[in-house]
Amino acid sequence: MKLGQSPHLDALCGEYLLGTLRGPARARFERACAQEPRVALRLQHWQHRFTPQPSEAFRMPPTPPTWQRIARDLDLRRYRQPWYARVGVWRGWALATSAALAVWVGVVMIDRSAPAPAMRPIATLASGQGGAAVVASLSDDGRWLALAPARPVEAGPQQSYELWLLPPDGSAPVSVAVMGQLGTQLPVPAALVGRLQAGAKLAVSVEPAGGSPTGAPTGPVILVGAIGAV
Amino acid sequence: MLDDIDIRRLILLSAARDAAAFEQLYQRTAPVLLGVAFKITGRRELAEEVLHDAFIKIWHAATRFDPVATRPVAWMATIVRNRAIDTVSRADVARVSTLDDSEGALDRLFDWSASSEDEADQAQMRHWLRGCLDELKGRERQALVLAYLHGLSHGELADHLATPLGTVKSWVRRGLQSLKHCVDSCMGVS
């Protein structure tokens, strides 16, 4: 019988939240949450009403290595914007510049608001098994890449997607980005600007959380597509 | 107290893969969440292990976080508790926890107050839950609080309370039933 129809559904949700549901029963309940929307909704209902807020009165600052391990295992460096892309830096620069100019030549109006980059489709990535395709677009300046899947696709909890450039000369794939989902816009790594050209291919593989541990694709390649004329 | 609105913002930024926001989220919440894990594991190094695993999960689960339906701090605490319970359920983990089952534990270890940033219905819900816990029979409340706070299994509860397993199970079951009944009737649900 499905758990969603069980007369004990409320009791199971309660004991799961409380933590007294253990072993195979706990595993079965977690599976049902993933597979049966009715169970997941019921648990959410319980969570909303019966989870108390932990108090700040009992605090234990963790030791620094714990954060260092988290950052390393997720390879968070990959998600950090380079300094020149941060809005704050430009804002600070703009303020300083405006102030300097104002001092030198009086009141100067500067309009540097750049339009959003125009994106042009460069490739269609497909699974080869008839699944929905993903369209890859590149900005006119070659610095931004966008992936647009037909429907939202997110990586599983222990997984990331990794986008690879397959050079036209058949040399080793080069990592472009690690992604939590397929629909995204990301900066092209500086070393790869200008290399997303006709002849090369783009591919997406499934990797452990945080991306390939080896620097080469380790998991199944789920999407691939050749770059057309740019 | 941890401000739900601020934590929600940081979770949503993390979902957009903003690593700086994720680090801030960690700095804001990790001391409280490590406390939650420690109450269950009873050992600091195990609690830090749980915290590590939970934050890996939080980074990935952030993309599925529903900002409308979910209370952010409680959501994070649930991930930490689940991980801690999985850890202590492993046969090879010996626990040396000091159990805190004094009557005051509820008010020391949980925050029942309403902050100004709270959505009104969340503050109301907290108020009802606290009131309903008070209405439970003493033994039922004690069993629920011990199980929740320290992640005790039915068997561990029976040992600690020196009560037969069957009796403890029915305290837990009846306690949860009464709690649900009480909160539902506060909300006007029959």
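Entry 1. Chain B, overall. I read chain B along its sequence and noted the pattern α-α-α-α-α-β-α-α-α-α. I was working with a predicted model throughout. My tally for chain B came to 9 helices and 1 strand. I then looked up burial, and 39% of the 190 residues of chain B count as buried. For contacts in chain B with a separation of 6 or more, I recorded that 68% join residues 24 or more positions apart.

Entry 2. The largest nonpolar core. I asked which residues of this core touch the most other members. They are Leu33(B), Ala37(B), Leu51(B) and Val80(B), in a core of 33 residues. I next listed the elements of chain B that give two or more residues to this core: helix H1 (4-15), H2, helix H3 (44-61) and helix H4 (72-89). The largest share, 11 residues, comes from H2(B). I kept in mind that in soluble globular proteins nonpolar side chains tend to be buried together.

Entry 3. Leu33(B). I set aside residues up to four places away in sequence and looked up what Leu33(B) touches. The partners are Leu51(B), Ala54(B), Met76(B), Ala77(B) and Val80(B).

Entry 4. Leu34(B). I located Leu34(B) in helix H2 of chain B, which runs over residues 19-41. Is Leu34(B) buried or exposed? I found 24 other C-beta atoms within 10 Å of Leu34(B); the cut-off for a buried residue is 20 or more, so Leu34(B) is buried. Leaving aside neighbours within four places in sequence, I noted contacts of Leu34(B) with two residues of the other chain, Met60(A) and Pro62(A), and with Ala47(B), Glu48(B) and Leu51(B). I also looked up the C-alpha separation of Leu34(B) and Val80(B), which is 8.4 Å, although these residues are 46 apart along the chain.

Entry 5. Helix H3 of chain A. I turned to H3(A), residues 37-50, and noted 14 residues and a reach of 20 Å from first C-alpha to last, close to the 20 Å expected at 1.5 Å a residue. Which residues of H3(A) are buried? I recorded Val39(A), Leu43(A), Trp46(A), Arg49(A) and Phe50(A). These residues cover an arc of only 135° around the axis, so they lie on the same side of H3(A). I then looked up what they pack against: in chain A, helix H1 (9-18) and helix H2 (23-35); in chain B, helix H6 (120-135) and helix H9 (165-186).

Conventions
Residues numbered from 1 in each chain as written. Chains lettered and ligands numbered in written order. Predicted model: local features only at pLDDT ≥ 70, side-chain atom pairs only at ≥ 80, totals over all residues. Helix = DSSP H or I, 4+ residues; strand = E, 2+ residues; numbered from the N terminus. Buried ≥ 20, exposed ≤ 12 C-beta atoms within 10 Å, placed from the backbone. Contact = placed C-beta atoms within 7 Å. Core = buried A, V, L, I, M, F, W, Y, C linked by C-beta atoms within 7 Å. Expected span 1.5 Å × (residues − 1). Arc of directions from axis to C-beta.
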